[in-house]
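Okay, thanks for coming, everyone.

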Amino acid sequence: MRRALFVRTNRVANAVVRRLGLRRFRGGDLLYLTTTGRRSGQERTTPALYLVDEGRWIVVASNGGADWEPGWWLNLRAGTPARIEVEGVTTAVVGTEVDGPERERLWARLNEMFDFDAYQRKVSRRIAVVALTPA
């Protein structure tokens, strides 16, 4: 029940952010990530804070501090089609998890933008750092 309420609330919040066309949130830049549901086949769009690194867009699969993976990340891992919109430009992307020293470097940069460490402390899973690369 709690998870279903979280998902519904998150979808409403995402729709409001999209409708307002926000490009920044809590001091960071936003992109809009659209993935295709691995089971439903439906497209869903999620706003995400990001940073650019070596021609990739880096996002965090924090899921608002929930202790389960966000659907968009599960969809990317399943290889479903995805695209992002950044400043009005749409790009097809693939997502891969960043690991090792590169993850630590990016995690530090991401935490300069937003306190993702606070989310990490709330969950038992390791929050993924995801590189979105043009397809």
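I'll go through the cores, then the salt bridges, then one asparagine.

Quick housekeeping: this is a predicted model, where local features need pLDDT of at least 70 and side-chain atom pairs count only at pLDDT 80 or more, while totals for chains, interfaces and linings use all residues. Residues are numbered from 1 along each chain as its sequence is written, and side-chain values use heavy atoms, with hydrogens and water left out.

By nonpolar core I mean a set of buried Ala, Val, Leu, Ile, Met, Phe, Trp, Tyr and Cys residues joined through side-chain atoms within 4.5 Å; buried is under 20% relative accessible area, exposed is over 50%, and partly exposed is in between, with a 1.4 Å probe and protein chains only. The largest one has 17 residues, and Leu 31, Leu 33, Val 130 and Leu 132 have the most contacts inside it. Strands S2, S5, S6 and S8 and helix H2 each give two or more residues to this core. Those elements are DSSP runs numbered from the N terminus: helices are H or I, at least four residues, and strands are E, at least two. Apart from that core there's another, of 16 residues, including Trp 107 and Phe 116.

Now the salt bridges, meaning a side-chain nitrogen of Lys or Arg within 4 Å of a carboxyl oxygen of Asp or Glu. The whole structure has 12 of them. Which residues does Arg 56 pair with? Asp 53 for one, at 2.7 Å, N to O, and Glu 102 as well, also with 2.7 Å from N to O. Arg 56 counts as buried because its relative accessibility is 14%, whereas Glu 102, at 28%, is partly exposed.

Then there's Glu 54 with Arg 105, where the closest N and O atoms are 3.9 Å apart. Here the partners sit 51 residues apart, Glu 54 in the loop between S4 and S5 and Arg 105 in H3. Glu 54 is at 65%, so it's exposed. Through shared partners, Asp 53, Glu 54, Arg 56, Glu 102, Arg 105 and Arg 109 all join into one network.

Last stop: Asn 75, in helix H2, residues 71-77. Is Asn 75 buried or exposed? Buried, because its relative accessibility is 7%. Beyond its neighbours within four places in sequence, Asn 75 has contacts (heavy atoms within 4.5 Å) with Thr 35, Thr 36, Gly 37, Arg 38 and Thr 80.
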